[in-house]
Amino acid sequence: MTELTIAFTLNGERREIRVPAHATLLAVLRDELGAIEVKDGCGEGVCGTCTALLDGEPVSSCLLLASRAAGHEITTVRGLAPAGALSPLQEAFVAHGAAQCGFCTPGMILTAHAFLRRHPRPTRDDIRRAIAGNLCRCTGYTKIVDAIEAAGRG
Ligand code: FES
Ligand code: FES
């Protein structure tokens, strides 16, 4: 089995790791680096639960080879605020009751975080389009849209 040594930044911390050449970023984050906040849902690019930010842009980590992260900055939901604190968007999810089982929540928040950086005061339709790739089985989406809209208003 071919292995590679790769280095990247995970939530602000430099990590260097030896990985199988075929390993996905999802597998490396969860199984090797303990980043279990990145959820393993469908494994085929459909559900969005495995979303991470690669240099600030959302990616499906189940579809990305870990080697693609080499030299880049990876952010998970834990990296959006200092330890023990919440980002304004995370606060809005709490305030609006936008999580039930929570399985979709890390990916949803990362997608919304990147979206709000580009579209600070989005319409509800814009928000629905932005999170279309992040599936939620529980909430019916209304409270999620409420939370993202509130965070966008600041
Ligand atoms: S686990 Fe990656 S998109 Fe579903
Ligand atoms: S809160 Fe359960 S899947 Fe979204």
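1. A word on burial first: a residue counts as buried under 20% relative accessible area, exposed over 50%, and partly exposed in between, using a 1.4 Å probe and protein chains only. You'll find A70 in the loop between β4 and β5; helices here are DSSP runs of H or I with at least four residues, strands are runs of E with at least two, and both are numbered from the N terminus. Not counting residues up to four places away in sequence, A70 touches I6, A7 and F8, where contact means heavy atoms within 4.5 Å. Between A70 and G12 there are 58 residues in sequence and 14 Å in space, C-alpha to C-alpha.

2. Some housekeeping. This is a predicted model, in which local features need pLDDT of at least 70 and side-chain atom pairs count only at pLDDT 80 or more, while totals for chains, interfaces and linings use all residues. Residues are numbered from 1 along each chain as its sequence is written, chains are lettered from A and ligands numbered from 1 in the order in which they are written, and side-chain values use heavy atoms, with hydrogens and water left out.

3. Now the sheet. Five strands make an open sheet in the order β2-β1-β5-β3-β4, with mixed pairing; two strands pair if DSSP finds at least two bridges between them. The edges belong to β2 (13-20) and β4 (57-60), and each has a single partner strand, so one side of each has no neighbour in the sheet. From one strand to the next, the twist averages 40°. Angles run from 0 to 180 degrees between N-to-C directions, with axes fitted as lines to C-alpha atoms, for helices over the stretch in contact.

4. On to the pairings. Strands of a sheet pair through backbone hydrogen bonds, either parallel or antiparallel. β1 and β2 are antiparallel, over eight bridges; T5 has R18 in β2 as its bridge partner, and F8 has R15 in β2. Their hairpin has two residues between the strands, and N11 takes a positive phi near 50° there.

5. What is the sense of the pairing between β1 and β5? It is parallel, over two bridges, and the bridge partner of L10 in β5 is I74. I74 in β5 also stands opposite L54. β3 (residues 51-54) and β5 (residues 73-75) pair in the antiparallel sense, again over two bridges.

6. Two helices to look at against the strands. Helix α1 (residues 25-32) packs on the sheet and touches β1 (3-10), β2, β3 and β5, with its direction at about 110° to that of β2. Helix α3 (residues 105-118) lies across β3, β4 and β5 and runs at about 40° to β3.

7. T75 is worth a click. This residue of strand β5 counts as buried, at 13% relative accessibility. Leaving aside neighbours within four places in sequence, T75 is in contact with N11, A52, L53, L80 and L110. N11 is the hairpin residue with the positive phi.

8. Helix α2 (residues 88-95) has L89, Q90, A92 and F93 as its buried residues. They sit on the same side of α2 because they cover an arc of only 155° around the axis, taken from the directions from the helix axis to the C-beta atoms. Their cover includes α3 and α5 (142-153). Exposed P88, V94 and A95 are on the face turned away from the buried side. Just after α2, G97 takes a positive phi of about 60°.

9. Which residues line the largest pocket? They are E37, V77, R78, A81, P82, A83, G84, A85, Q90, T105, P106 and I109. The space inside is about 220 Å³, and α3 gives the most to the lining, with three residues. A pocket here is an open set of points on a 1 Å grid over the protein atoms alone, with a 1.4 Å probe fitting and protein on both sides within 12 Å along at least five of seven lines; lining residues have an atom within 4 Å of a point. The volume is the space filled by probe spheres set on the points, with grid points joined across faces, edges and corners.

10. Last, P106, one of the lining residues and a member of helix α3. P106 is buried, at 12% relative accessibility. Neighbours within four places in sequence aside, P106 is in contact with E37 and V77, and both of these also line the largest pocket. P106 and T49 are 57 residues apart in sequence and 7.1 Å apart in space, C-alpha to C-alpha.
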